[in-house]
Each structure stands twice: as C-alpha cells, then as structure tokens.
Amino acid sequence: MRTATYFFIFLNLSLAVFEEPAVYPLPFLVTSLVEVLCLLVFFGRLTHFAKVTLRNVFWKDTKNICIMVAILLSLIDLAIYGVLRIYNVRSIRWSRIVRPIFLINFAESRQIRRAFRSIRNTLPEITYVFLLFMFSLLMFSLMALKLFGERNLQTAEGLPYFKNYLEIVFDLYVLVTTANSPDVMMPAFDFSSWYALFFIAFVIVNTYIFMSLFLAVVYNNYKKHLKVMFGGLNCD
C-alpha cells in the first residue's frame, strides 16, 4: 500500500512535465485520465484509512481534511479547464499548486512532514535577514536609477537601460545569483569604467555578505529545529 501510494503521488506530480505548457506535451484527454486515476487512488487510500480509524479521530486530523480539499479542488479545476477547452477559451491549471499536499499529508510521509515542519519553524527566524537583504536591494536599485536613468543608455538589444525602477530591482535581484553578470553592467561600463565600482560594491554586499549570512541563518536554525524534533540527536 505504501509503495502504491508513493507511485501515484510521483505520477501525479510528474504530470506537470506533460501538461500545457509542457516539455513533452501529451493530449489533454491522456493527462486528465491519469490525474483522475491518481485522485481515485488517493480517495480510496483515504477511505481505507477512515475505515480503520475512529471517526472523531479521523475528522480531527488536519492531514485528512487537506487531502480531501486538495482532491475536490483538483476535480473542480479539471472540470472547469475541460469545459473551457471545448469552447476554445485559454486558461491555466491553477490546481497544480495543491499537488504537493498529497506528498506531505499522507500518513506514509512522516519524514517529509518533519522536514517541512522544520522549514516552517525556521521561516520566522530568517525573516529579519531577508528584510535586510530586500532593503539593501531596493536601495541599490534606487541608486542605479539615479545613476543611470537619465543618461539615455541602451542595452545590447537597443532597449532603455535602467529606466524603470521595478525592472532595475529584478535585474539586480538576478545579479545576486550572478546569472546575468557581467551583461547587466556592460552598458554602464561602456559609458564609464568607473561605474563598474557600483556593481562590484553591489555584488560584495548582497552576494558575498547577505547570501552567506542568509545561508548560515537558515542552516543553523534548521539544524536546531531538527535537533529539537528528534530529541536532541546530533543532526550534523
């Protein structure tokens, strides 16, 4: 039973690879039938669990309620999406975001729930570091707007360079990962090589300081909650 549950959970999650927009698209009828099959298996597993559990215990368990709500939302979304396709109305499958609920809330996924609970308990403690990082990002974006916004610079594609504040925030956010480095700074660097100092300072502060601090806080707090959860066992 446990192996079958894991198999259908994996099958349900993997449908995202084949549903529009998809890496390997399959007809809607195929993916919908597979999803309905998975939901029937989940409902049957939940019904089986209800048969061997006291009624008041079953209905007080939040996990069971979450699974039932996820099944209901998935069926409603599937029906609405199918009707809209008949009338050639473009829509999206918003119920995809509830599929991980099946992975977390079934009784067999106890270890996953423990890890998820540790992550949830860690989030409030990293909020302050995240807010400091966002404040730094917003301030650097404002400085970039003042430095480059009025100089009529253009990107390699001929688009305005650092004219819109929200676009600057997104570009600098990507720069934290260095994914768009050094392309994002080349228009400013071509105008004056001294402007490279702005991007060097940004990378030092946000990538090397804040990201390292953020990682350290996440790791230490997650390890602390795991130790508490497992009764003080060494989690290294």
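Modeller: Gladly, and one definition comes first: a helix is a DSSP run of H or I with at least four residues, a strand is a run of E with at least two, and both are numbered from the N terminus. This is a predicted model, in which local features need pLDDT of at least 70, side-chain atom pairs count only at pLDDT 80 or more, and totals for chains, interfaces and linings use all residues. Residues are numbered from 1 along each chain as its sequence is written, and side-chain values use heavy atoms, with hydrogens and water left out.

Biologist: What makes the phi of Thr 178 worth a remark?

Modeller: Phi of Thr 178 is near 60°, a positive value, and Thr 178 is not glycine. Most residues other than glycine have a negative phi. Thr 178 also belongs to the loop between H7 and H8. Asn 88 likewise has a positive phi, near 55°, but its place is the loop between H4 and helix H5 (100–105).

Biologist: Why is Asn 88 called exposed?

Modeller: Buried means under 20% relative accessible area, exposed means over 50%, and partly exposed is in between, using a 1.4 Å probe on protein chains only. Asn 88 has 72% relative accessibility, so Asn 88 counts as exposed.

Biologist: And why is Thr 178 only partly exposed?

Modeller: Its relative accessible area is 39%, so Thr 178 falls in the partly exposed class. Leu 132, in helix H6, has 48% and is therefore partly exposed as well.

Biologist: Why is Thr 31 called buried?

Modeller: Thr 31, in helix H2 (residues 28–51), has 4% relative accessibility, so Thr 31 counts as buried.

Biologist: What makes the pair of Thr 31 and Phe 28 a polar contact?

Modeller: A polar contact is a pair of N or O atoms within 3.5 Å; within protein, one must be able to donate a hydrogen and the other to accept it, and residues adjacent in sequence count only if both atoms are side-chain atoms. Here a polar side-chain atom of Thr 31 is 3.0 Å from the backbone oxygen of Phe 28. Leaving aside neighbours within four places in sequence, Thr 31 is in contact (heavy atoms within 4.5 Å) with Leu 15, Phe 18, Glu 19 and Leu 26.

Biologist: Now the helix pairs. Why are H2 and H4 called roughly antiparallel?

Modeller: Axes are lines fitted to C-alpha atoms, for helices over the stretch in contact, and angles run from 0 to 180 degrees between N-to-C directions. Under 35 degrees counts as roughly parallel, over 145 as roughly antiparallel, 65 to 115 as roughly perpendicular, and the rest as oblique. H2 and helix H4 (residues 62–86) pack at about 160°, with axes 11 Å apart, so H2 and H4 are roughly antiparallel. Their contact has 13 nonpolar, 4 polar and 2 charged residues. In these classes, Ala, Val, Leu, Ile, Met, Phe, Trp, Tyr, Cys and Pro are nonpolar, Asp, Glu, Lys and Arg are charged, and the others, Gly among them, are polar.

Biologist: Why are H6 and H7 called oblique?

Modeller: Helix H6 (residues 110–148) and helix H7 (residues 165–176) pack at about 120°, with axes 9 Å apart, and H6 and H7 are therefore oblique. Their contact has 13 nonpolar, 1 polar and no charged residues. Phe 133 and Leu 137 are among the H6 residues there, and Tyr 165 and Ile 168 among those of H7.
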